[in-house]
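Subject: Structure handover

Hello,

My notes follow below it.

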Amino acid sequence: MVLLYRSSSDSAALWLAELRRHIPELEMRVVPEIGNPKDIDAALVWKPPAGLLASLPNLKMIVSLGAGADHLLEDASLPRHVPVVRLVDPYMTEAMSEYVLTQVLRLHRQDFAYRAQQHARLWRELPQPNASERRVGVLGLGELGSDAARKLAVFGFSVGGWSRSERRSPGIESFHGREGLMALARRSDILVCLLPLTRETEGILDARLFAAMPKGAAIVNAARGRHLVEADLLAALESGQLSAAVLDVFSEEPLSPAHPFWGHPKIIMTPHAAAATHAPTAAVGVAENLRRLSDGRPLINVVDLARGY
Ligand code: NDP
Ligand code: OXD
């Protein structure tokens with residue numbers, strides 16, 4: 001089994017060490033030292049240059065080095081007969097839920113207002129609703145969204161979730177399909193985006209959605225930057241329709257120093273750090289798929305290319 005590796009944000013040496021714990025005989029070739037392209041059986045990649053995967057004639061599996069596969073599906077030359085699998089890692093799921101809880105609690109406990117008051121040396125206690133009075137909406141109830149929604153409900157928030165197909169889970173008000181989106185928005189004081197980026201979800205965080213939310217609501221986007229229409233967010237913050245936004249992901253990463261988000265008093269930013277790929281735990285699932293591939297067994301965590309996630 002020869003594995004091609006390409007990422008500019010993960011360590012090849014670490015991945016090789018972790019994968020060899022599970023498959024000692026694994027051979028890994030790191031771009032650009034790939035040798036004969038005909039030797040490559042599988043590829044483990046994050047944002048590979050367009051055309052790289054199409055240049056591997058015997059490729060049998062493409063592994064995304066992240067939970068999202070949008071970075072692969074954007075390549076028009078992607079060999080669509082080759083299965084694409086993605087990372088599903090309980091550690092990543094926990095990390096994302098930590099991020100979501102941190103940010104929702106920050107918004108719920110009015111951290112923005114208290115920071116501003118501290119800055120102004122102002123001693124003033126603000127009225128504080130209970131968690132049960134705060135309605136939190138979660139867009140996407142997959143691996144990440146379902147865990148975050150469940151943990152938010154444990155904290156006592158009134159949680160609603162939105163998915164493509166109907167997904168019922170105890171303690172979560174469930175919404176689905178196009179018609180469910182606005183209904184969820186109307187009951188969301190805080191709206192968390194954990195959707196995959198697809199043709200249907202690009203630009204979903206827009207003026208129409210913000211207008212449907214209660215005045216003064218807030219958003220958390222930890223999915224992809226292109227879910228958000230940036231100009232619509234700035235206008236909604238300016239008008240007071242939204243009171244705050246927490247953003248981990250951006251259309252352009254890294255964000256240019258001139259971008260208006262950096263210094264915005266109602267925006268908190270993190271640099272795509274909500275749930276980073278963690279080789280020691282993520283390697284378990286990757287090794288499982290490499291073994292399945294060599295034994296001819298069905299792969300797990302396969303991306304549906306037609307659906308886009
Ligand atoms: P999953 O594929 O497990 O879940 C996706 C969820 O979104 C599903 O519930 C799905 O509905 C729903 N969905 C997809 N399309 C639509 C639609 N058109 N309308 C309504 N619901 C829709 O993905 P994950 O939870 O594993 O990951 C989500 C995303 O998070 C990733 O794609 C990635 O972009 C992002 N991410 C960001 C990270 C960060 O550090 N910022 C880290 C990791 C991931 P259904 O259940 O019906 O299929
Ligand atoms: C991912 C990410 O998709 O880190 O895993 O964004």
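A cavity here is a set of points, on a 1 Å grid over the protein atoms alone, where a 1.4 Å probe fits but cannot get out; lining residues have an atom within 4 Å of a point. Grid points are joined across faces, edges and corners, and a volume is the space filled by probe spheres set on the points.

This is a predicted model: local features need pLDDT of at least 70, side-chain atom pairs count only at pLDDT 80 or more, and totals for chains, interfaces and linings use all residues. Residues are numbered from 1 along each chain as its sequence is written, chains are lettered from A and ligands numbered from 1 in the order written, and side-chain values use heavy atoms, with hydrogens and water left out.

**Cavities**

There are two cavities of 30 Å³ or more. Helix α9 (residues 279-295) gives the largest share, four residues. (Helices are DSSP runs of H or I, at least four residues; strands are runs of E, at least two; both are numbered from the N terminus.)

The second largest cavity holds about 30 Å³. Among its lining residues are Ala67, Asp89, Met92 and Glu143. Domain 1 (2-89 + 277-295) and domain 2 (90-269) both contribute to this lining, so the second largest cavity lies between them. The domain bounds come from an automatic or database assignment.

**Ligand 2**

Around ligand 2 sit Trp46, Gly66, Ala67, Gly68, Met92, Arg224, His272 and Ala275, each with a heavy atom within 4 Å of it.

- Ala67: a polar backbone atom is 2.7 Å from a ligand 2 oxygen.
- Arg224: a polar side-chain atom is 2.8 Å from a ligand 2 oxygen.
- His272: a side-chain N or O atom is 2.6 Å from a ligand 2 oxygen.

The protein covers 86% of the 210 Å² of accessible area that ligand 2 has on its own (Shrake-Rupley method, 1.4 Å probe).

**Pocket**

A pocket is an open set of points with protein on both sides within 12 Å along at least five of seven lines. The second largest pocket has a volume of about 340 Å³. Of its 20 lining residues, Leu107, Phe112, Ala113, Ser243 and Ala244 lie nearest its centre. Helix α4 gives the largest share of this lining, three residues.

Best wishes

Terms used:
A polar contact is a pair of N or O atoms within 3.5 Å; within protein, one must be able to donate a hydrogen and the other to accept it, and residues adjacent in sequence count only if both atoms are side-chain atoms.
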